[in-house]
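Welcome! Have a look at the structure below, and then we can walk through it together, one topic at a time.

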Amino acid sequence: MQGLAGRRVLLAVSGGIAAYKAADLVRRLRAEGAAVRVVMTARAQQFISATTLQALSGEAVRCEIFDSAAEQGMGHIELARWAEIILLAPATASTLARLAHGLADDLVSTLWLASPALKAVAPAMNQQMWRAAATQRNVQRLCEDGVLCWGPEAGEQACGDVGPGRMCEPQDLVQRMIAALNGGDLQGVNVLMTAGPTREAIDPVRYISNHSSGKMGYALAAAFAARGAQVTLISGPVALPPPAAVTTIAVVSAEEMLQAVLARVASCQLFVACAAVADYRARVVAERKLKKSERQESLWRLELEPTPDILATVAAQPLRPWVVGFAAETHDVENYALAKLQAKRLDMIACNDVSRTDIGFAADDNALVVLWQGGRRELARASKTQIAGQLVDTIVDVWRSDKR
Ligand code: PMT
């Protein structure tokens, strides 16, 4: 069956070397049954001709905001209303910046503002331009406005650099569009997650905990939900609003988190443990506040015992879901993560270098190395929202190809 039968797709092409892929993209969108109209920025025309895209789409290509011939047929406002989805591919740093700031100074940016359609961008640029703080801010802002960000991929670039910035392949963009327009490709998939820290009481006023803010886990839950998954998030104490379309259950301690997970694990296909569970708790929790004035000596010796390992418990279940863990390490990150992958019998692990202050605990950005049996993928530094999208892509790719 054609996944885009009868869908109205407006492809906006901006001026980067990846614009040549727009021809293949149009061809593939039409093969899936979509009606495709193309608009181009002035610079895009230096990379690919409007004639090529016109021949492939079977529709006039528009490049100017005021085009008297086109206005008699379908003016730019009609075009904005016609589209069900607008995909900007390739999305250059410059066009992303203009869209993030709501400029309307050419046809593409005007249509973007004027259209109520679902919107997606497929960034393509030099890796350093992609990593630049301004680009990351702009993409983050677009994501917050509800724009879907597909890619970029990492790899060798046209300029000779290696890193993130390659536009997703056209077949990948088409699959993502099918998923986005048809309500998500993870419909019917139950995902159980943990996020945030746990707090282990010492007495009624004190506890043991860590710096987890919940940002990474909440972004991950939102990314799964955006792809149509049914997500249940077991969350330690954080200061974040629950993600939209996610069932969020608040817990405090590792024991409560374990019980909440075990009560739901049987019905999930994917389990993702992003929580920073406190590894130790007080062996005896005092019922009343421990008073400094009542202590004999100045040293306070606290006897600790390990908390239950939630991730290992889930992975050891006889009928278990596909299990993804995280590893927060300050040194020798990948080796320790690999050891956890094997010792806890996980399907995948995401390693987080928490010695850095620009990523990891409480930061808005993250960077991960994802490991699984026979595989490794680096997710370069980006906002936690973007990293979450890329991690969900990675999890789903590997999970679906795992014949276990
Ligand atoms: O919340 P943020 O501020 O956004 O920060 C994100 C993060 C750094 C917390 C996150 O990206 C991360 O790395 N989470 C895992 C933190 C952690 O506890 O790592 P660990 O290496 O100690 O534990 C390994 C794995 O076992 C983790 O999946 C953890 O959830 C799990 N675990 C650990 C101990 C325990 N008792 N039960 C568990 O389930």
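Two strands count as paired here if DSSP finds at least two bridges between them. With that in mind, one hairpin to look at is that of β18 and β19, where two residues lie between the strands and glycine 374 takes a positive phi near 80°. Please remember that this is a predicted model.

- Strand β18 covers residues 365-372 and strand β19 covers residues 375-383; the two are antiparallel and are joined by seven bridges.
- Within this pairing, leucine 368 has leucine 379 of β19 as its bridge partner.
- Another antiparallel pair is made by β6 and strand β7 (residues 162-166), with four bridges between them.
- Here glycine 155 has its bridge partner in β7, namely glycine 163.
- Five residues separate the strands in the hairpin of β6 and β7, and glycine 160 takes a positive phi near 100° there.

**An open parallel sheet**

- Five strands form an open sheet with parallel pairing, and their order is β2-β1-β3-β4-β5.
- The edges belong to β2 (35-40) and β5 (148-149); each has a single partner strand, so one side of each has no neighbour in the sheet.
- Inside this order, strand β1 (residues 8-13) runs parallel to strand β3 (residues 85-91), and four bridges join the two.
- Leucine 10 stands opposite isoleucine 86 of β3.

**Backbone details worth a look**

- As background, most peptide bonds are trans, and most residues other than glycine have a negative phi.
- The peptide bond from alanine 89 to proline 90 is cis, with omega near -5°, and proline 90 is part of strand β3.
- A cis peptide bond also runs from glycine 151 to proline 152, with omega near 5°; proline 152 is found in the loop between β5 and β6 (153-156).
- Arginine 345, a residue other than glycine, has a positive phi near 55°.
- You can find arginine 345 in the loop between α13 (333-343) and β17 (348-353).

**The ligand and its surroundings**

- How many residues surround the ligand? There are 29, and the closest are Ser213, Ala275, Lys340, Asn352 and Ala362.
- The side chain of serine 213 has an N or O atom 2.6 Å from an oxygen atom of the ligand.
- Backbone atoms take part too: an N or O atom of the cysteine 274 backbone lies 2.9 Å from a nitrogen atom of the ligand.
- Likewise, a backbone N or O atom of proline 308 is 2.9 Å from a nitrogen atom of the ligand.
- Taken alone, the ligand exposes 780 Å², and the protein buries 96% of that.
- The space that the ligand takes is the second largest pocket.
- Which elements give two or more residues to the shell around the ligand? They are α10 (215-226), α12 (310-315) and β16 (322-329).
- β16 gives the most to this shell, with four residues.
- Sorted by class, the shell around the ligand holds 15 nonpolar, eight polar and six charged residues.

How values were computed
Residues numbered from 1 in each chain as written. Predicted model: local features only at pLDDT ≥ 70, side-chain atom pairs only at ≥ 80, totals over all residues. Heavy atoms only, no water. Near = heavy atom within 4 Å. Polar contact = N/O pair within 3.5 Å; in protein donor to acceptor, adjacent residues only side chain to side chain. Areas by Shrake-Rupley, 256 points an atom, 1.4 Å probe, with all protein chains shown as cover. 1 Å grid on protein atoms, 1.4 Å probe; cavity = no way out; pocket = protein on both sides within 12 Å on 5 of 7 lines; lining within 4 Å. Sits in = over half its atoms within 2 Å of the grid points. Nonpolar A, V, L, I, M, F, W, Y, C, P; charged D, E, K, R; others polar.
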